[in-house]
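Have the structure open as you read.

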Amino acid sequence: MMIRKEELGKETFRHYKHVVLQFDDYLYRTDYDKKFISSDVIDDWIKEISEGIRINTVGQYIHYIRQLLYHLISCG
């Protein structure tokens, strides 16, 4: 989060943090404990969060989670 905080503007970071914490909460609520996050997990999360929000917002959520996963992959 600290890396992203330095890279993003204040409002963009606030939104990024909200999305990442929402995804983390989803993984916690579903008792997900694997190191690999499958596309099914992402799809189920998107279905849950996409009700009532615009498609562009869903796209931004996907972008943020994709960036998070790229970062996690690079960390090993």
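## Helix α2

This is a predicted model. Helix α2 covers residues 10-29, so to speak 20 residues in all, and its first and last C-alpha atoms lie 28 Å apart, close to the 28 Å expected at 1.5 Å a residue.

Which residues of α2 are buried? They are Phe-13, Tyr-16, Val-19, Val-20, Phe-23, Tyr-26 and Leu-27. Look down the axis of α2 and these buried residues fall within an arc of 150 degrees, so they line one face of the helix. An α-helix has 3.6 residues a turn, so residues three or four places apart point the same way.

## The core

The largest nonpolar core counts 17 residues. Tyr-16, Val-19, Phe-23, Trp-45 and Ile-65 have the most contacts inside it. Helices α2, α3 (39-49) and α4 (55-75) each give two or more residues to this core, and α2 gives the most, with seven.

Ile-65 is worth a click. Setting aside neighbours within four places in sequence, Ile-65 is in contact with Val-19, Val-20, Phe-23, Ile-42 and Trp-45.

## Confidence

The protein chain has a mean pLDDT of 87, with 99% of its residues at 70 or more. Confidence is lowest in helix α1 (residues 2-7), where the mean is 71, and highest in α3, at 91.

Conventions
Residues numbered from 1 in each chain as written. Predicted model: local features only at pLDDT ≥ 70, side-chain atom pairs only at ≥ 80, totals over all residues. Heavy atoms only, no water. Helix = DSSP H or I, 4+ residues; strand = E, 2+ residues; numbered from the N terminus. Expected span 1.5 Å × (residues − 1). Buried < 20%, exposed > 50% of the residue type's maximum accessible area, 1.4 Å probe, protein only. Arc of directions from axis to C-beta. Core = buried A, V, L, I, M, F, W, Y, C linked by side-chain atoms within 4.5 Å. Contact = heavy atoms within 4.5 Å. pLDDT = per-residue confidence, 0-100.
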